[in-house]
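The sequence and structure come first.

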Amino acid sequence: MREFIATFHTHLAALMTSRNLNSNGARAGMMPVPRKLSSSCGTCVRYQAEEPLLNLMDADVEAVYEVIGREEYTCLMEKE
């Protein structure tokens, strides 16, 4: 199982994505964005899944990162 963090421009987008991920079998929860990552709203979704599940992200997603170590992340997708 891999671990990911998705950041968003709005709290509502984070909430909707968290619900969508949980409904589709991922273990997801909302939390403050880690200091190394940035977000417009300050809230992110941390989730565990076999794949990044980019198709389940809300349209207002900012970026998706894979957690590769303690406070180490690899950017998988970034929206401009």
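In this predicted model, the side chains of Glu 3 and Arg 46 meet in a salt bridge, with an N to O distance of 2.4 Å. Glu 3 belongs to strand 1 and Arg 46 to strand 3, so the bridge ties together parts that are 43 residues apart in sequence. The count of salt bridges comes to three.

**The network around Arg 2**
- Salt bridges that share partners join Arg 2, Glu 51 and Glu 66 into one network.
- Between Glu 66 and Arg 2, the closest N and O atoms of the salt bridge are 2.9 Å apart.
- Glu 66 is in strand 4 and Arg 2 in strand 1, so this pair ties together parts that are 64 residues apart in sequence.
- Glu 51 forms a salt bridge with Arg 2 as well, and here the closest N and O atoms are 3.8 Å apart.
- That pair links distant parts of the chain, since Glu 51 sits in the loop between strand 3 and strand 4 and Arg 2 in strand 1, 49 residues apart.
- Glu 66 counts as buried because its relative accessibility of 17% is under 20%.
- Arg 2 is partly exposed at a relative accessible area of 29%, and Glu 51 is partly exposed at 47% relative accessibility.

**Nonpolar cores**
- The largest nonpolar core has 15 residues, of which Ala 6, Phe 8, Leu 21, Val 45, Tyr 47, Met 57 and Val 64 touch the most other members.
- Strand 1 (2–8), helix 1, strand 3 (43–49) and strand 4 (61–69) are the elements that give two or more residues to this core.
- A second, separate core of eight residues includes Val 33, Leu 37, Val 67 and Tyr 73.
- Leaving aside neighbours within four places in sequence, Val 64 is in contact with residues including Ile 5, Ala 6, Tyr 47, Leu 54 and Met 57.
- Thr 74, Cys 75, Leu 76 and Met 77 are also among the contacts of Val 64.

**Ser 18**
- Ser 18 lies in helix 1, which spans residues 11–23.
- Ser 18 counts as buried because its relative accessibility is 8%, under the 20% cut-off.
- Not counting residues up to four places away in sequence, Ser 18 touches Ala 28, Gly 29, Met 30 and Val 45.

Notes
Residues numbered from 1 in each chain as written. Predicted model: local features only at pLDDT ≥ 70, side-chain atom pairs only at ≥ 80, totals over all residues. Heavy atoms only, no water. Helix = DSSP H or I, 4+ residues; strand = E, 2+ residues; numbered from the N terminus. Buried < 20%, exposed > 50% of the residue type's maximum accessible area, 1.4 Å probe, protein only. Contact = heavy atoms within 4.5 Å. Core = buried A, V, L, I, M, F, W, Y, C linked by side-chain atoms within 4.5 Å. Salt bridge = Lys/Arg side-chain N within 4 Å of Asp/Glu carboxyl O.
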